[in-house]
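I opened this notebook to record what I looked up in one structure. The entries follow the order in which I consulted it.

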Amino acid sequence: MTPQTTARARSRPVFARVYAKYAGPALDRAGITEYRRRLLSGLTGEVVEIGAGNGLNFAHYPPGVQRVVAVEPEPRLRSLAGRSARTAPVPVDVVGAVAEQLPYPDSSFDAAIACLTLCSVADPHASLAELHRVLRPGGQLRFFEHVRADTPGMRRVQRALDATLWPLLAGGCHTGRDTRAAIVTAGFTITSLEKFPFPEPRFPSPAATHILGTAERPRAGGAS
Ligand SMILES: C[S@@+](CC[C@H](N)C(=O)[O-])C[C@H]1O[C@@H](n2cnc3c(N)ncnc32)[C@H](O)[C@@H]1O
């Protein structure tokens, strides 16, 4: 990552305001809470969450979690996440950093969370390589992400949007990333995966195809 892309990832004041005030609540109304709960269900130990936004996942961490390190580069969202952390059911440390350069030693977390973030990071491959590095062998990556569509027609729409307006308007988001493939390329083994439209589309939407799942960093020797 160049210093320029790092800076771009850090400050997006208009997106931050819109996400906190309108987009986050709209996702709640569309029923995202069920997916946030399932994403985090049964987690234990030390957890790193990348792109925590204004902290909408924090309320759903289960009691087995000892500590969450919530990485958020955008200053306004990070400040709001700090507020959410105060009422979270588990200890949450909110940290200013990017997923591409996590300031933690190798194998320091039991689990990692990517929730609607791998669409927005500047470099998903570098971010997944970092998550692989900081997870202990056998540790879990839990993900809930919107991804590349299944139909050629919608993929063409996604490519056109991603090359033009969408990332500018949506805080760096890309609609057409093949995040499942990127997770595998980073060395993870996917152990569960569901693909479904969210929100329930009333008309075809370029950001509707979602995946929810778990991947493991294999233990040495390949057994997970
Ligand atoms: C669509 S929001 C999702 C926020 C939150 N995860 C949620 O579920 O509500 C995408 C988030 O990714 C963050 N982000 C963008 N680039 C990033 C990067 N390089 N590293 C970590 N987070 C990043 C944004 O600041 C934003 O908070």
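**Entry 1: the ligand**

I looked up the ligand and found one of its nitrogen atoms 2.9 Å from a polar backbone atom of A99. I took a polar contact to be a pair of N or O atoms within 3.5 Å; within protein, one must be able to donate a hydrogen and the other to accept it, and residues adjacent in sequence count only if both atoms are side-chain atoms. Taken alone, the ligand exposes 590 Å², of which the protein buries 96%; these areas come from the Shrake-Rupley method with a 1.4 Å probe, and for residues only the protein chains shown count as cover.

I noted that this is a predicted model, in which local features need pLDDT of at least 70 and side-chain atom pairs count only at pLDDT 80 or more, while totals for chains, interfaces and linings use all residues. Residues are numbered from 1 along each chain as its sequence is written, and side-chain values use heavy atoms, with hydrogens and water left out.

I then listed two further backbone contacts. A backbone N or O atom of G51 lies 2.7 Å from a ligand nitrogen, and one of G53 lies 3.4 Å from a ligand oxygen.

Which residues surrounding the ligand are the closest? They are Y19, R36, G51, E72 and C115, out of 19 residues (each with a heavy atom within 4 Å). I sorted this shell into 11 nonpolar, four polar and four charged residues.

**Entry 2: the annotated span**

I consulted UniProt, where an unreviewed entry places "domain: Methyltransferase type" at residues 48-142. The end C-alpha atoms of that span lie 10 Å apart, and the span is 24% helix and 31% strand.

**Entry 3: salt bridges**

I counted nine salt bridges (a side-chain nitrogen of Lys or Arg within 4 Å of a carboxyl oxygen of Asp or Glu). R136 and D110 form one of them, at 2.8 Å from N to O. R136 lies in strand 5 (residues 135-146) and D110 in strand 4 (residues 109-115), so this pair ties together parts 26 residues apart in sequence. R136 has a relative accessible area of 30%, and D110 has one of 25%.

I next looked up K195 and D150, whose closest N and O atoms are 2.6 Å apart in a salt bridge. K195 lies in strand 6 (residues 189-197) and D150 in the loop between strand 5 and helix 6, so the pair joins parts 45 residues apart in sequence.

Terms used:
Ala, Val, Leu, Ile, Met, Phe, Trp, Tyr, Cys and Pro count as nonpolar, Asp, Glu, Lys and Arg as charged, and the others, Gly among them, as polar. UniProt positions are given in the numbering used here, feature names are shortened, and annotations may be inferred rather than shown by experiment. Helices (H or I, at least four residues) and strands (E, at least two) are DSSP runs, numbered from the N terminus. Buried means under 20% relative accessible area, exposed over 50%, partly exposed in between (1.4 Å probe, protein chains only).
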